[in-house]
Amino acid sequence: MLRWLDQARPDIVCLQELKSADADFPVSAVEKAGYGAVWRGQKTWNGVAILARNADPVLIRTELPGDPGDKEARYIEAAVRGIIVTSIYLPNGNPQPGPKFDHKLAWFKRLKRHAAKFLKQDIPVVLAGDYNIAPSEQDIYPTTSWDRDALIQPKSRAAFASLVAQGWCDAIRELHPTLPIYTFWDYQRNRWPRDAGLRLDHLLVSPALAPRLLKAGVDRKVRGEDGASGPCPGRGSC
């Protein structure tokens, strides 16, 4: 991550799946790299963070409203230079059908309710994160091997579509409406070398910010490095 920060020099970074407790977040190394940070960790699983270059994100909340019993570290929200930014790690939902898939859909409903409040306020917002949903057939390589996976179920896709329909701009599809663009390649079955990927990570931009959208893409080369994770960094520019 530090090498990528030095090379790409993004203004804002949203991290998911930290897999570490709050006390283990490498705040000193991140600050040395020139970034302020807010985070919510969780031992073993989950965890989200927002970094800002030469700035300190102003923490707004560390959980998604709507379920006081939800203790999973999957949502964080902060203000950075006049923009509200979220880092989202939406539940995977597998196996489906079952309780985990029901939890995924319920979590999405809560996200949709919260997102609607931003639109009513007409403020610049980016809903960034790993949504664990490939929104359409265009967002997954030609295959039937994922047909029963929660990532591409009709109910999952309908939930994502209903969120976008509130008025959010899907940055990748706004600027690249027809290109097959992926953000995740599983380690199995040689999927990275043969470009068998899925687009699971998204930047949704509010109407107040959408006119400033200039670029959106994926830093694919990072996925080819030794020890790389399955997802690649997404990138947007306003």
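The exercises below, each with a worked solution, concern a predicted model.

**Exercise 1.** Work out what span helix H3 should have and how far apart its end C-alpha atoms are.

*Solution.* Begin with the extent of the helix: H3 covers residues 99–121, which makes 23 residues. The expected span is 1.5 Å times one less than the number of residues, so the helix should span 33 Å. Just after the helix, Asp122 takes a positive phi of about 55°.

**Exercise 2.** Find which residues of H3 are buried, and what covers them.

*Solution.* First list the buried positions, which are Phe101, Lys104, Leu105, Trp107, Phe108, Arg110, Leu111, His114, Ala115 and Phe118. Next look at what lies over them: the cover includes the strands S4 (58–61), S5 (75–80), S6 (83–89) and S7 (125–130), together with helix H4 (154–164).

**Exercise 3.** Decide whether Phe108 is buried or exposed, and name its contacts beyond four places in sequence.

*Solution.* Start from the cut-off, by which a residue is buried under 20% relative accessible area; Phe108 has 3% relative accessibility and therefore counts as buried. Then, leaving aside neighbours within four places in sequence, Phe108 is in contact with Leu90, Tyr131, Ile133, Ala159, Phe160 and Leu163.

**Exercise 4.** Classify the ring pair of Phe108 and Tyr131, and then that of Tyr182 and Trp185.

*Solution.* A pair of aromatic rings is described by the distance of the centres and the angle of the planes. The model holds 5 aromatic pairs. In one of them, the rings of Phe108 and Tyr131 have centres 6.3 Å apart and planes at 50°, so this pair is tilted. Phe108 belongs to helix H3 and Tyr131 to the loop between S7 and H4, so the pair ties together parts that are 23 residues apart in sequence. Tyr131, at 0% relative accessibility, counts as buried. For Tyr182 and Trp185, the ring centres are 6.4 Å apart and the planes stand at 80°, so the pair is edge-to-face; both of these residues are buried. Ring pairs also link Phe108, Tyr131 and Phe160 into a cluster.

**Exercise 5.** Describe the largest cavity by its volume and by the classes of residue in its lining.

*Solution.* The count comes to 1 cavity of 30 Å³ or more, and the largest cavity has a volume of about 50 Å³. Its lining consists of Arg40, Glu63, Leu64, Asp67, Asp70, Glu72, Arg74, Tyr75, Trp107 and Arg110. Sorted by class, that lining has 3 nonpolar, no polar and 7 charged residues.

Key. Residues are numbered from 1 along each chain as its sequence is written. This is a predicted model: local features need pLDDT of at least 70, side-chain atom pairs count only at pLDDT 80 or more; totals for chains, interfaces and linings use all residues. Side-chain values use heavy atoms; hydrogens and water are left out. Helices (H or I, at least four residues) and strands (E, at least two) are DSSP runs, numbered from the N terminus. Buried means under 20% relative accessible area, exposed over 50%, partly exposed in between (1.4 Å probe, protein chains only). Contact means heavy atoms within 4.5 Å. On a 1 Å grid over the protein atoms alone, a cavity is a set of points where a 1.4 Å probe fits but cannot get out, and a pocket is an open set with protein on both sides within 12 Å along at least five of seven lines; lining residues have an atom within 4 Å of a point. Grid points are joined across faces, edges and corners, and a volume is the space filled by probe spheres set on the points. Ala, Val, Leu, Ile, Met, Phe, Trp, Tyr, Cys and Pro count as nonpolar, Asp, Glu, Lys and Arg as charged, and the others, Gly among them, as polar. Rings of Phe, Tyr and Trp (its six-membered ring) pair if their centres lie within 6.5 Å; planes under 30 degrees apart count as stacked, over 60 as edge-to-face and the rest as tilted.
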